[in-house]
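Open the structure in your viewer and follow along. Each stop tells you what to select and what is there.

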Amino acid sequence: MKLASAATRSPGYGAVVGCSCCCRSRRRREELGVRIPRPLGQGPSRFIPEMEILQVNAEDTQMHTLFTESFTTLGHLDNVTLVMVFHPQYLESFLKTQHYLLQMDGPLPLHFRHYIGIMAAARHRCSYLVNIHVNYFLQVGGDPKWLNGLENAPQKLQNLGELNKILAHRPWLITKEHIEQLLKTEENSWSLAELIHAVVLLTHYHSLASFTFGCGINPEIHREGGHTFRAPSVSDYCICDITNGNHGVTQVQSSTGNNATTEPLCEVEALMEKMKQLQECRDEIKASQEEKATRFEKEKRESMLVCCSEDEDSASTRDVSRHFEDTSYGYKDFSRHGMHVPTFHVQDYSWEDHGYSLVNRLYPDVGQLIDEKFQIAYNLTYNTMAMHKDVDTSMLRRAIWNYIHCMFGIRYDDYDYGEINQLLDRSFKIYIKTVVCTPEKTTHRMYDSFWRQFKHSEKVHVNLLLIEARMQAELLYALRAITHYMT
Ligand SMILES: CC(C)C[C@H](N)C(=O)O
């Protein structure tokens, strides 16, 4: 339906074009006084060509069931879901957990849950999530006044602001005193169960903000920023195409999402070779405990120095600062001033042995759901590396997970952090650090610059590792502080 004839162009509307059916219906709409906006984004992600996403969706039958479920609970399919669809097994667990946290029986009232989602997403200026939860908040009867800023919300929610801030940017600073302040205030105090619910929501939405920026999620057409009534300035598609979804799938991008040719084509092979070598050395020489500790400290120090250049095209964000205070407080300040991140030993406090049971005790079933989600993300593999099949990728996936925990000071005694430097190159580290610590700074270029030969589905896979490792890191610090408070 691409009938772009000069005769149908209306001078007042720039390059708006239309076929005969379009013109007929436009006349009809004009008679009725209805204006239809056009979408601003191209598909669910600005990093991934829409065609690739649509293809996955069409192929998988498991997806259809999932979509139907998601559609019936939410009333629509959001762009996060449409991108996560590359990994149906994970998506299922993700949606189940999110549904439980937001809609099922739980310690917090529904409008609080959405407001906490807004507070968390706003810490990273994630207008995509803020807008979604503003709508839900209003739908469940939330007071619109609260949306004018945290100071308009009840004191109890205001008290959560500090924890939100530290959790999002420097979770290692959380102490039992922070917990005490929330639980012990005379009025407006939180119960332990409510606090666990809030902590899980905060960490869930900090991580989801990472996914949103990491995968370049576009706003949905019906949300703010997702559409415009302005006519496109350069366009060759018919208005019919816009409304039936066949718009602008003309991105000139290769399936790997970039067209840079500077890097040698054997990037993947080189990486696989390194994995093989490491595997062989691993069996031969084992580093001593001291050596392992030194390597961890070195990697941790170096991770502070990995920094992203100022963003040139990071996603535009609407002003969401009113939802939180102290906008200057971020991860960056800390790394700039070279502050020290203390080491958190997993053998003293781990998700499996401590965090999981604490959550389950106070908010039944949620510990189980999150645990399942962590495991799916950590173990997910298709045994592929770009175009190669039958590859054991566990070493690479573990390096990614442990690198994120290392940035948060979390150490696994049995892991040799030397592997990280061998397997993750600089552009990849920059991407990881940006998505995990300052997601709002993620750019299209960063997404394109790492792992150039890998598929988009693999980059989304990386994002699943990033968000789950981040969520677990935040939870570990918060739950450890809660345990300290209780004992
Ligand atoms: C993130 C990627 C290295 C994952 C890889 N494609 C796998 O299936 O294991």
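Start with the side chain of Gln158: one of its polar atoms lies 3.4 Å from the backbone oxygen of Leu150. This is a polar contact, a pair of N or O atoms within 3.5 Å, where within protein one must be able to donate a hydrogen and the other to accept it, and residues adjacent in sequence count only if both atoms are side-chain atoms.

A note before moving on. This is a predicted model: local features need pLDDT of at least 70, side-chain atom pairs count only at pLDDT 80 or more, and totals for chains, interfaces and linings use all residues. Residues are numbered from 1 along each chain as its sequence is written, and side-chain values use heavy atoms, leaving out hydrogens and water.

Stay on Gln158. Gln158 sits in helix 8, residues 155-169 (helices are DSSP runs of H or I, at least four residues, numbered from the N terminus). Which residues does Gln158 touch, not counting those up to four places away in sequence? Select Leu150, Glu151, Asn152 and Ala153; contact means heavy atoms within 4.5 Å. Gln158 counts as partly exposed because its relative accessibility is 21% (buried is under 20%, exposed over 50%, partly exposed in between, with a 1.4 Å probe and protein chains only).

Last stop: helix 5 and helix 10. Select Phe94, Gln98, Leu101 and Leu102 in helix 5. They meet His197, Val200, Leu201, His204, Tyr205 and Leu208 in helix 10.

Key. Helix = DSSP H or I, 4+ residues; strand = E, 2+ residues; numbered from the N terminus.
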